Amino acid sequence: MDNTPIIAFRDFGFQYTVQAEPTLYHIDLEVRKGEKILIAGPSGCGKSTLAHCVNGLIPNSYPGKATGALTIGGKDAFSQGLFELSKTVGTVLQDSDGQFIGLTVAEDIAFALENDCVPTAEMHETVRKIAKLVNVEQVLSHAPQEISGGQKQRVALGGVMVGDVDVLLFDEPLANLDPATGKQAISLIDEIQKHTGCAVIIIEHRVEDVLYRPVDRIVLMEDGRIRFDGNPDELLSTDLLPQGGIREPLYVTALKYAGVAITADMRPSYLPELALTDAQKAQVRRWFASQPPTPAQPEKPVQLMVKNLDFTYSGGHHALRGISLEVHKGEMLSIVGTNGAGKSTFSKVICGFETAQSGKLTLNGLDLRTLSIKERADHIGYVMQNPNQMISKNQIFDEVALGLRNRGVAEENIRPHVEETLKVCGLYPFRNWP
Ligand SMILES: Nc1ncnc2c1ncn2[C@@H]1O[C@H](COP(=O)(O)OP(=O)(O)OP(=O)(O)O)[C@@H](O)[C@H]1O
Ligand SMILES: [Mg+2]
């Protein structure tokens with residue numbers, strides 16, 4: 001096998017022009033053909049920055065100063081343009097919505113071929129082949145806005161595969177997928193890698209979900225540096241993941257609670273092959289049996305009451321059918337469901353962005369339907385799935401202060417409140433940032 005790395009970072013550092021401090025420090029990392037690597041690390045540690053150095057968005061879209069060396073396909077990365085790099089590296093971004101260019105799914109997949117002036121008949125044939133591989137044949141003539149999150153991911157994947165690249169780079173491929181669709185995506189990435197033999201880099205903090213299929217190496221990042229680069233089994237036999245703020249697979253945590261010492265030869269990184277002795281299994285059973293039952297919570301007054309809520313979109317899609325539930329004061333409730341089950345629709349109806357055709361909705365006994373969206377916002381705070389849809393102010397302080405200002409709170413009362421909130425969220429140092 002050809003052993004020269006496709007990607008090689010050597011003592012590489014990077015500082016965005018707009019930042020006072022570097023974002024990446026002393027990165028030494030090599031990726032070879034056919035390797036599958038997971039890059040994990042807490043939010044803001046520089047994973048996407050690293051990815052952007054590989055796909056050319058840095059320095060072409062986000063300028064800055066690099067130190068050390070980065071070669072891709074044996075050539076200096078920063079002297080290659082975006083187009084040249086796209087022949088080596090195919091990227092599926094964190095937010096796949098920003099990635100669609102074509103009017104239909106088929107056009108989107110064909111984009112790289114059109115750029116390369118491939119004859120039409122051959123192009124149709126290739127698009128069909130790829131669509132079959134990523135299982136979007138049925139929606140080829142749909143507009144990208146009309147398909148689900150999981151399908152979008154598949155289309156984006158098809159689009160990069162068509163380019164016949166050496167490296168497939170995924171930035172948080174699981175972000176918007178339900179667990180079942182996420183598993184499908186991870187299996188699909190695995191199959192595609194086996195099929196094409198390219199190198200695969202997956203950036204994710206959902207480590208357990210990625211490990212649904214084996215990876216060759218895990219790279220753990222922290223504050224712009226590489227903390228660990230090596231064998232997944234070795235990593236999971238340490239405490240580095242939880243120390244770095246990343247959730248380790250739950251079965252590993254459970255084994256630790258049960259007092260089982262985890263070693264690399266138990267193969268902790270791949271559940272189907274996890275090897276436990278009979279004594280260790282007995283240890284886990286004993287621990288499980290000794291757990292006290294969860295104590296019953298005292299009943300609190302009902303705050304939000306939903307009764308027989310029914311909602312159909314103007315296009316005819318019957319999204320909510322007879323929803324009834326109660327939310328008690330101080331309760332923390334999580335609503336789960338597959339992609340497309342109606343979770344976001346339900347929140348929109350509660351906040352008043354959509355109006356239910358029938359059913360009852362009360363907050364502390366007050367009929368919510370008598371309140372406008374703005375009035376409901378005095379009682380209900382809403383964080384949307386895609387934060388970009390929510391941010392409207394130029395500075396972080398002003399964004400957080402927006403709700404209070406809209407309600408006419410005096411400016412001298414706003415500042416302490418906003419500063420306190422920013423501290424809780426760990427954003428205080430960024431308050432005057434654009
Ligand atoms: N385009 C940009 N211009 C300037 N600074 C940026 C830019 N993108 C990211 N940064 C900064 O670089 C740091 C690392 O961000 P990055 O997006 O690489 O983190 P990440 O590890 O991908 O986080 P997440 O898990 O939240 O996606 C952050 O402090 C961020 O503010
Ligand atoms: Mg990121």
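Start by selecting helix 6, residues 149–161. Helices here are DSSP runs of H or I with at least four residues, strands are E runs of at least two, and both are numbered from the N terminus. Helix 6 is mostly covered, with 10 of its 13 residues buried; buried means under 20% relative accessible area, exposed over 50%, and partly exposed in between, using a 1.4 Å probe and protein chains only.

By the way, this is a predicted model, where local features need pLDDT of at least 70, side-chain atom pairs count only at pLDDT 80 or more, and totals for chains, interfaces and linings use all residues. Residues are numbered from 1 along each chain as its sequence is written, chains are lettered from A and ligands numbered from 1 in the order in which they are written, and side-chain values use heavy atoms, leaving out hydrogens and water.

Now colour the buried residues of helix 6: among them are Lys152, Gln153 and Arg154, along with Val155, Leu157 and Met161. Then pick the first and last C-alpha of helix 6: they are 19 Å apart, close to the 18 Å expected at 1.5 Å a residue (1.5 Å times one less than the number of residues).

Next, zoom out to the protein chain, which has 16 helices and 14 strands. Its radius of gyration, taken over C-alpha atoms, is 25 Å, close to the 22 Å that the globule rule (2.2 Å times the number of residues to the power 0.38) gives for 434 residues, so the chain is as compact as a globular protein of that length. Finally, select the buried residues, which make up 39% of the 434 in the chain.
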